[in-house]
Amino acid sequence: MTYQQTIDYLYSSTPMFHKQGTAAYKEGLENTLALDKYFGHPHENYKTIHVAGTNGKGSTSSMLAAYLQTLGYKVGLYTSPHIHSFRERIRVNGEMIPEQEVVDFVENHKSFFEPLQPSFFEITTALAFHYFAKAEVEIAVVEVGLGGMLDCTNIIRPVLSVITNIAHDHTNLLGETLHEIATQKAGIIKYRVPVVIGEAHSDTLPVFMMTASQANTSLHLAETSVKDDELQPYIEACELKGDYQAKNIRTALAAVKLLNEEGISTDLEAFKEALKNITSLTGLIGRWQIISEKPTTIIDTGHNPAGWQYLSAQLKRTIEQKRGEWIEAKEAGPSPQLRIVFGMVDDKDLYAVLSLLPKNARYYFTQADSHRAIPAKKLQHIAYGYDLRGNAYPNAQDAYEAAKAEASENDILFIGGSNYIIPRIND
């Protein structure tokens with residue numbers, strides 16, 4: 001098979017959450033354990049750090065991977081979902097897994113996969129663990145796919161567990177309350193493996209404390225471990241400029257401080273250097289990322305209310321600042337406007353997100369290439385009830401082109417609402 005044929009096989013032959021939603025979710029670790037046994041438990045060949053949470057786990061994982069690379073380690077990084085290429089999910093020292101590795105893995109082992117009928121994520125996780133062992137990484141940072149307790153990454157015994165935060169997301173699978181969701185996330189806490197909690201909450205902290213006590217391990221609150229005055233220089237150094245990154249930096253820094261217990265030195269200057277170079281070190285994209293100027297064009301993968309609390313405030317502040325600069329400079333041309341290309345999928349809290357979106361903006365409603373996507377016309381209709389105005393477009397590229405055509409050089413153009421909107425944008 002060619003690489004493209006292999007990817008098509010994976011997408012068409014296995015249940016995939018992107019395409020099918022909850023129907024692709026397989027509760028339990030039976031398939032994962034069978035795959036792990038078949039491949040000889042490859043994750044036992046290197047150290048791991050396990051990262052769970054509702055928001056920020058991808059950024060936090062990348063910060064830790066960048067730090068370890070800066071120290072000179074050979075580092076595996078497993079994240080999901082991908083933005084442009086499947087290969088983004090599995091990296092070694094920032095380099096995506098080679099196409100031929102994906103092809104060989106499927107061709108050589110599909111006779112074992114097919115009777116097992118694993119999900120897309122189960123196969124992908126097996127591939128990641130297998131490839132990291134083959135590449136002889138020294139340590140791998142592993143992001144949880146969904147939840148924690150029953151996620152197929154949860155067969156590893158890490159040197160450190162990290163839970164970034166808890167918010168309402170995937171409630172149909174993880175539970176309706178923060179307590180229930182926290183119980184699922186706390187499933188990654190292991191016996192005598194220290195755990196960092198990025199954000200504490202009265203509904204979730206008791207869950208983490210009880211689970212850590214039962215596991216006879218130490219629990220570390222990032223808000224206690226890293227004070228505001230200590231945090232600020234790292235925020236200033238970080239090339240990721242989303243407001244929400246402050247919490248992720250705090251969480252990652254708290255984790256860095258604990259790694260010396262595993263023989264990994266705590267080098268705070270190296271952590272600062274890692275933050276300065278995180279995108280080149282890890283390939284992280286889609287986090288308040290400016291992809292072009294005139295108009296200033298920003299993409300972000302934020303897709304739930306917890307993420308939009310930060311994004312909406314930052315968008316409002318950014319456009320107000322730009323208008324102020326335009327007035328002060330007495331520039332020619334129209335006043336800066338905020339234009340938002342927006343789409344969501346149907347397992348997110350649409351109404352909560354719409355209530356947070358800036359009203360003083362022009363919207364370009366669209367949909368991802370997934371049956372989970374909310375149809376653009378339906379999205380436009382519902383958004384109208386929240387005083388959000390704009391036209392509907394059948395795909396993100398058309399929406400983006402329309403926004404660019406109507407924008408002046410002074411405008412701000414934002415694209416987001418779903419991980420699956422961003423891949424359709426070609427600048």
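Modeller: Happy to. One term to begin with: buried means under 20% relative accessible area, exposed over 50%, and partly exposed in between, using a 1.4 Å probe and protein chains only. Also, this is a predicted model, where local features need pLDDT of at least 70 and side-chain atom pairs count only at pLDDT 80 or more, while totals for chains, interfaces and linings use all residues. Residues are numbered from 1 along each chain as its sequence is written, and side-chain values use heavy atoms, with hydrogens and water left out.

Colleague: Great. Is E88 buried or exposed, and which side chain of opposite charge is nearest?

Modeller: E88 is buried, and the nearest side chain of opposite charge is R91, 5.0 Å away. For charges, Lys and Arg count as positive, Asp and Glu as negative, and His and the chain ends are not counted. A salt bridge needs a side-chain nitrogen of Lys or Arg within 4 Å of a carboxyl oxygen of Asp or Glu, and E88 has none.

Colleague: Where does E88 sit?

Modeller: E88 is in the loop between β2 and β3 (90-92). Helices (H or I, at least four residues) and strands (E, at least two) are DSSP runs, numbered from the N terminus.

Colleague: What is around the E88 side chain, then?

Modeller: Two backbone nitrogens: a polar atom of the E88 side chain lies 2.7 Å from that of H84 and 2.8 Å from that of S85. A polar contact here is a pair of N or O atoms within 3.5 Å; within protein, one must be able to donate a hydrogen and the other to accept it, and residues adjacent in sequence count only if both atoms are side-chain atoms. Not counting residues up to four places away in sequence, E88 also touches T79, H82, I83, M96 and I285, where contact means heavy atoms within 4.5 Å.

Colleague: New topic: how many residues are in the largest nonpolar core?

Modeller: That core has 37 residues, and I49, L64, L68, L160 and F271 have the most contacts inside it. A nonpolar core is a set of buried Ala, Val, Leu, Ile, Met, Phe, Trp, Tyr and Cys residues joined through side-chain atoms within 4.5 Å.

Colleague: Which elements give two or more residues to this core?

Modeller: Among them are β1 (47-52), α4 (57-70), β5 (139-143) and α12 (245-258). The largest share, seven residues, comes from α12. Apart from this core lies another, of 33 residues, including Y9, Y78, F121 and A135.

Colleague: And what is L64 in contact with?

Modeller: Leaving aside neighbours within four places in sequence, L64 is in contact with I49, V51, V141, V162, A252, A255 and V256.

Colleague: What about T60, buried or exposed?

Modeller: T60 is buried, with a relative accessible area of 0%. T60 is in helix α4, and beyond residues up to four places away in sequence it touches V162, T164, N248, T251 and A252.

Colleague: Back to charges: how many salt bridges does the whole structure have?

Modeller: A search finds 10. In one of them, the side chains of E199 and K247 meet at 4.0 Å, N to O. That pair links distant parts of the chain, with E199 in the loop between β7 (195-197) and α9 (205-214) and K247 in helix α12, 48 residues apart. E199 is partly exposed at 25% relative accessibility, and K247 is partly exposed at 29%.

Colleague: What is the N to O distance for K257 and E230?

Modeller: For that salt bridge it is 2.9 Å. K257 is in helix α12 and E230 in helix α11, 27 residues apart.

Colleague: Last one: in which sense do β9 and β10 pair?

Modeller: Strand β9 (residues 289-292) and strand β10 (residues 296-299) pair in the antiparallel sense over three bridges; two strands pair if DSSP finds at least two bridges between them. Q289 stands opposite I299 in β10. The two strands form a hairpin with three residues between them, and K294 in the turn has a positive phi of about 55 degrees.
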